[in-house]
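Q: Could you walk me through how to read a few backbone and surface features in a model like this one?

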Amino acid sequence: MASFSLSRRRVLPGFAPTLGFTLFYLSLIVLVPLTAVFLKSSGHGWDAFWAAATSPRVMASYKLSFGASLLAAIVNLFFGLILAWCLVRYEFPGKRLVDALIDLPFALPTAVAGIALTALYAPNGWVGSLFAPGGKLAPLFGEAGLKIAFTPLGVLLALIFIGLPFIVRTVQPVLEDMETELEEAAASLGARRWTTFRFVVLPTVLPALLTGFALAFARAVGEYGSVIFIAGNIPLVSEITPLMIISKLEQYDYVGATAIAAVMLVVSFLLLLVINGLQAWSSQRGTRK
């Protein structure tokens, strides 16, 4: 009995106390604040909630925030995979510098990133001037050229900037642990590069890609600091949903602010639930194979 009791000892406490502490911590940090959002938004009835959450300006901000976040995550899904592949499989001058720069959006204050992007893509900026009327690349987009900053395109660029590290950092470890012998075996059997990527590489990195996609999307939906400067905040054109929440709070319209926050919370949760479901499905499919 003594040897049996010793074998049952664990470094951490038992299941009951650890589960209780986990639920308490989760409730205190996550569930209680989220519940307060719904309670506050429903305090003045359904009509007030619906009016605050579906006004024309708010609906336009939903389309921009969720649409640009989804598009930015898709763009990062493609280019993040390419960048992670290059960092893992190739040696080139400045590789360590590129690897370090990927984490720059994590370390850089969001306001600084927003100001830098605005200065770069504004009509008088280094890049924006090339597309402005009279610029070298302006004729490609007509007489008016292409305006990047203070438009939804500027919002998209900012969201791509802050979301790229999530894709690279989730895919990179998987590629590092992946055995190159599998690709060499496929090539020795006559498989082309696309076939090898589709049936050997992609099934391995797909769960990590979906995880990075979910993280990048979630970060982009709630991003404020790096977007607010380059967006221009034009009503019905380039106003993001977090800005609408801040505007409601500045007007002491707490019901309207929490109503918009509740809608964002529900939509974000549903989208992340779908993405996590796809991730679980891909993992089970890869295990069965």
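A: Start with Y252, which sits in the loop between helix 13 and helix 14 (254-288); helices here are DSSP runs of H or I, at least four residues, numbered from the N terminus. This is a predicted model, where local features need pLDDT of at least 70, side-chain atom pairs count only at pLDDT 80 or more, and totals for chains, interfaces and linings use all residues. Residues are numbered from 1 along each chain as its sequence is written, and side-chain values use heavy atoms, leaving out hydrogens and water.

Q: What is the phi of Y252?

A: Most residues other than glycine have a negative phi. Y252, however, has a positive phi near 60°. N233, in the loop between helix 12 (225-231) and helix 13, also has a positive phi, near 55°.

Q: Is Y252 buried or exposed?

A: Buried means under 20% relative accessible area, exposed over 50%, and partly exposed in between (1.4 Å probe, protein chains only). Y252 is exposed because its relative accessible area is 64%, while N233 counts as partly exposed at 28%.

Q: Which residues are buried in helix 13?

A: Helix 13 (residues 241-250) has T241, P242, L243, M244, I245 and K248 buried.

Q: Which residues does F106 touch?

A: A contact means heavy atoms within 4.5 Å. Not counting residues up to four places away in sequence, F106 touches P165 and F166. F106 lies in helix 6 (residues 104-107), and its C-alpha atom is 9.5 Å from that of G163, 57 residues apart along the chain. At 41% relative accessibility, F106 counts as partly exposed.

Definitions and conventions
Helix = DSSP H or I, 4+ residues; strand = E, 2+ residues; numbered from the N terminus.
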